[in-house]
Amino acid sequence: MSVLAFDLGASSGRAMLGRLNSRTIEMKEIHRFPNDPVRVGDRFQWDILRLYHEIKQGLLRAKGEQELPASIGVDSWAVDFGLLDARGELLMNPYHYRDPATEGVMERVFREIPPAEIFSRTGIQFLPFNSIYQLVSIQQLRPFLLQEAGSFLMIPDLLRYFLTGEMVSEFTNATTTQLYNPVARGWDDELLRKLHLPSNIFQSVLQPGTMAGKLRESVTGELGLPSIPVYAVAEHDTASAVAAVPALERSFAYLSCGTWSLMGTEVERPVLTERARELNFTNEGGVYGTFRLLKNIMGLWILQEAKRSWELEGVLYSYSELVMMAEAEPAFACFIDPDDPVFLPAGDMPKRIREYAARTNQKPPQTPGAIVRCIMESLALRYRQVLELTEALSGQAFKGLHMVGGGIHNESLCQWTANAIGKPVWAGPAEGSAAGNMAVQWISLGELSDIWEARAVIRDSFEVRVYEPADVPLWEEAYGLFKQRTGGNTIQQ
Ligand code: LRH
């Protein structure tokens, strides 16, 4: 039985058709498209209608395949949303989470509500772009939007609404707003009240795996398709990626490696301790009653943005060229803390890396190769640091690390990660989010019995490459240097 997964990342989207032949998944990319955010003046926004157009293109391609999908699911990056008026029409282009308008908003909110209270109500890490701070920023800059708003829908909820006409929110993604209370299991009305945000715009929240409507008439008419069911899958892309981790054991550590690096473990209930808050870990909703105890690491964004800077200067490197140039550079010459807030916004990344180096008394890397080496080594060492924190916080010791997502195409990063953590890395599948998106659909359709059967099938269907640690003493020494040069600070906001 085949299903269709739309997986939208911060830099590209894809439509994947999955077919389950007894216990093997065959995945076919039927459409891939860039997701280019648009800068207008000093605002940074998503081109949501273009994304919806690309989804329709994906549906048309599916029509050309030998078998129509039995169902459809959409997942995307978290935290961003659209506001719709009372008639259900979109009021604004959703803002990009890297839009500068949220700068300083989190700190202003803390004057109204102490961070400890926000954390105990939501279990979510403090990131300046969480939907809660975006909404407060809209309230300050464009209050009429909230006055007019009839509903709030996260990006995949919104696209699903365009497809089906049904307005419902999905749990895994709802948790990332930092407005959802995982203990009370609902939107946190008290937080909304304290922030003077309207509570009536929030929709009921469905668990992943619930049927959430069917392609509406205008869509079936336009595209010449039957009314295919649309499921609320694990609509946060990271939740879908974690669902697809091909783990054998119940206790496992993962790194979902894309624009962001999300590292953590799956837990049965949210960890709402003071320690979790201090370490700025999050408890995002997972599939089938689980939570994702994890931490955001700035990830390959730093490399993507450096590459874009060189492109703007007129030099186009491919990722494999950049990685090869990095491999040729001397090791451990310069480190950055990838999670320093200076690296969050879009803009000249090489310049910010050089400034960081100068500020921390290191020799600034000059060539693209040296810069990329610095980024990749720093990421691998930061992974080691966050893995240690995940172990300390969850009280578990992991035998190795599962890496999923497009970042695993960077083989040196996988190897250096294994070296840095001194444990094996199991890399695969690269299309983790799409696989998790499909897995939830097949479970709902009764084709797979549960998430553990799905993980076993994923393990048997995709290559999982093993990277054994090497040069461990050298990396151990480098880890000491990394901590020294990046401030030795394990408590990172
Ligand atoms: C990764 C991701 C991550 C969020 C970020 C906004 O794509 O969903 O989990 O924190 O985007």
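Colleague: Is Asp471 buried or exposed, or something in between?
Modeller: Asp471 counts as partly exposed, because it has 15 C-beta neighbours inside 10 Å. The scale is this: 20 or more other C-beta atoms within 10 Å is buried, 12 or fewer is exposed, in between is partly exposed, and C-beta atoms are placed from the backbone. Bear in mind that this is a predicted model, where local features need pLDDT of at least 70 and side-chain atom pairs count only at pLDDT 80 or more, while totals for chains, interfaces and linings use all residues. Residues are numbered from 1 along each chain as its sequence is written.

Colleague: What's the phi of Asp471, and where does the residue sit?
Modeller: Phi is positive, about 50°, although Asp471 is not a glycine. Asp471 is in the loop between strand S21 (465-467) and helix H19 (472-485). Helices here are DSSP runs of H or I with at least four residues, strands are runs of E with at least two, and both are numbered from the N terminus.

Colleague: What about Gln178, buried or exposed?
Modeller: Gln178 is buried, with 25 other C-beta atoms within 10 Å. Its phi is near 65°, again positive in a residue other than glycine. Look for Gln178 in the loop between helix H7 (171-175) and strand S10 (180-181).

Colleague: Where's the cis peptide?
Modeller: Between Gly428 and Pro429, with omega about -5°. Pro429 belongs to the loop between strand S20 (425-427) and helix H17 (432-444).

Colleague: OK, sheets. What's the strand order in the six-stranded one?
Modeller: S3-S2-S1-S6-S14-S13, an open sheet with mixed pairing. Two strands pair if DSSP finds at least two bridges between them. Strands S3 (24-34) and S13 (210-214) are at the edges with a single partner strand each, so one side of each has no neighbour in the sheet. From one strand to the next, the twist averages 25°.

Colleague: How does S2 pair with S1 and S3?
Modeller: Strand S2 (residues 12-21) runs antiparallel to S3, with ten bridges joining them. S1 and S2 are antiparallel too, over seven bridges.

Colleague: Which residues face each other there?
Modeller: Arg14 in S2 is the bridge partner of Asp7, and Arg14 also stands opposite Arg32 in S3. Leu17 stands opposite Lys28 in S3.

Colleague: How many residues are in the hairpin turns?
Modeller: Three between S1 and S2, and two between S2 and S3, where Ser22 in the turn has a positive phi of about 45°. As for cover, seven of the ten residues of S2 are buried.

Colleague: Which strands does H1 lie across?
Modeller: H1 lies across strand S1 (2-8), S2 and S3, running at about 135° to S3. H6 also packs on the sheet, touching strand S6 (71-76), S13 and strand S14 (229-232), and its direction makes about 150° with that of S6. Axes are lines fitted to C-alpha atoms, for helices over the stretch in contact, and angles run from 0 to 180 degrees between N-to-C directions. Contact means C-beta atoms, placed from the backbone, within 7 Å.

Colleague: And how do H1 and H6 cross?
Modeller: The axes of H1 (residues 48-63) and H6 (residues 155-164) come within 11 Å and cross at roughly 55°. That makes H1 oblique to H6; under 35 degrees is roughly parallel, over 145 roughly antiparallel, 65 to 115 roughly perpendicular, and the rest oblique. Ile48, Leu51, Tyr52 and Ile55 of H1 meet Leu158, Leu159 and Phe162 of H6. Those contact residues divide into seven nonpolar, no polar and no charged, where nonpolar is Ala, Val, Leu, Ile, Met, Phe, Trp, Tyr, Cys and Pro, charged is Asp, Glu, Lys and Arg, and the others, Gly among them, are polar.

Colleague: Back to H19: how does it cross H15?
Modeller: The axes of H15 (residues 368-394) and H19 come within 10 Å and cross at roughly 90°, so the two are roughly perpendicular. Ser378, Leu381 and Arg384 of H15 make the contact with Ala478, Tyr479 and Phe482 of H19.

Methods:
Contact = placed C-beta atoms within 7 Å.
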